[in-house]
Amino acid sequence: MKAVGYRRNLPIAAEDALVDLELTAPLPGDRDLLVRIMAVSVNPVDVKQRAHAAPPPGVARILGFDAAGIVEAVGAKVTLFRPGEAVFYAGSIARPGTNAEFHLVDERIVGHKPKTLSFAEAAALPLTSITAWELLFDRLGVRPGKQPDAGTLLIMGGAGGVGSMLIQLARRLTGLTVIATASRPETAAWCAALGAHHVIDHQKPLVNELARIGQPQVDLVASLTNTEQHFPALVEILKPQGRLGVIDDPAALDINPLKRKSVSVHWELMFTRSLFETEDMIAQHRLLDEVADLVDAGVIRSTLSQNLGRIDAENLKKAHALVESGKARGKIVLERF
């Protein structure tokens, strides 16, 4: 099978930062699906892994987490899927990735592809949908439903992949007032189109920006990027007994300033369930099926913003470079080998 991988941690501009490979197609284990990959998308975790996670000497590592495809074969104990079904999922950080013609994935973290979306549109959704859903409902403890006086949610980095899904889930499924941050006219417009009640500029003082829209403090913060940089301001603008959710990787985070306000801090990593094979691992299967139903009902939409064409090393290098630039909005997708 064709695949794309890397052998050394190199800058994305290097010729061999990502390389085309020919490998033997894998065989499914008991609970595995063998999926023929039709489309993939690129996430910040792909960039981080390529830059910092060195494969063993002489071995090429295949990246890629988001995928949409068709079930080619199933393991002996699979009960949720049959060959021929269209699926979408975000894979596991502990297994080879989706940048390959055929991929193995545990059925418990796979959903049925939305019927109304193409494979490319569907591939944009899984990792960011899972992250946003778990952050909002599992970590921050928001209750679904349009409760009155639900409070305010500030999304730091609203135009990125996770932010784009979080805006939609919070606006469509809860009664929260949704405030997103964006620093360019095109990303601000993107956040507003996805449903944010307000869009503020994170390159300006957050205290002033929130005062401008009449929301001097917020109940919840989803810090999706540059948490270290914004943390002093977040301490100031969070209400007493508020909640802070974090998904990025700050080098250091002194949370002592939050003690006076009794603000709680919640980490979200969507790979936790698959990495540790938790008892509730199947929650991601159910979550993705629910996301598919919401998409098919017209409640939320795909966040695909760019399709770079065929899945190969050249196009994946372009996608990694765009993600590294920090200027991408929504999701970058590639399809077919």
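Mentor: Contact means heavy atoms within 4.5 Å. Helices (H or I, at least four residues) and strands (E, at least two) are DSSP runs, numbered from the N terminus. The model is predicted: local features need pLDDT of at least 70, side-chain atom pairs count only at pLDDT 80 or more, and totals for chains, interfaces and linings use all residues. Residues are numbered from 1 along each chain as its sequence is written, and side-chain values use heavy atoms, leaving out hydrogens and water.

Trainee: What covers the buried residues of helix 1?

Mentor: Buried means under 20% relative accessible area, exposed over 50%, and partly exposed in between (1.4 Å probe, protein chains only). In helix 1 (residues 44-52), the buried residues are Val-45, Asp-46, Val-47, Gln-49 and Arg-50. Their cover includes strand 1, strand 3 (32-42), strand 4, helix 3 (126-139) and helix 10 (313-325).

Trainee: In which order do the three strands of the open sheet lie?

Mentor: Strands of a sheet pair through backbone hydrogen bonds, either parallel or antiparallel. Two strands pair if DSSP finds at least two bridges between them. Here the order is 2-1-4, with antiparallel pairing. Strand 2 (19-22) and strand 4 (61-62) are the edge strands, each pairing on one side only. Strand 1 (residues 2-6) is joined to strand 2 by four bridges, and Gly-5 stands opposite Val-19 in strand 2.

Trainee: Where is Asp-30 placed?

Mentor: Asp-30 lies in the loop between strand 2 and strand 3. Asp-30 is classed as partly exposed because its relative accessible area is 41%. Although Asp-30 and Ala-76 are 46 residues apart in sequence, their C-alpha atoms are 4.8 Å apart. Not counting residues up to four places away in sequence, Asp-30 touches Gly-75, Ala-76, Lys-77 and Val-78.
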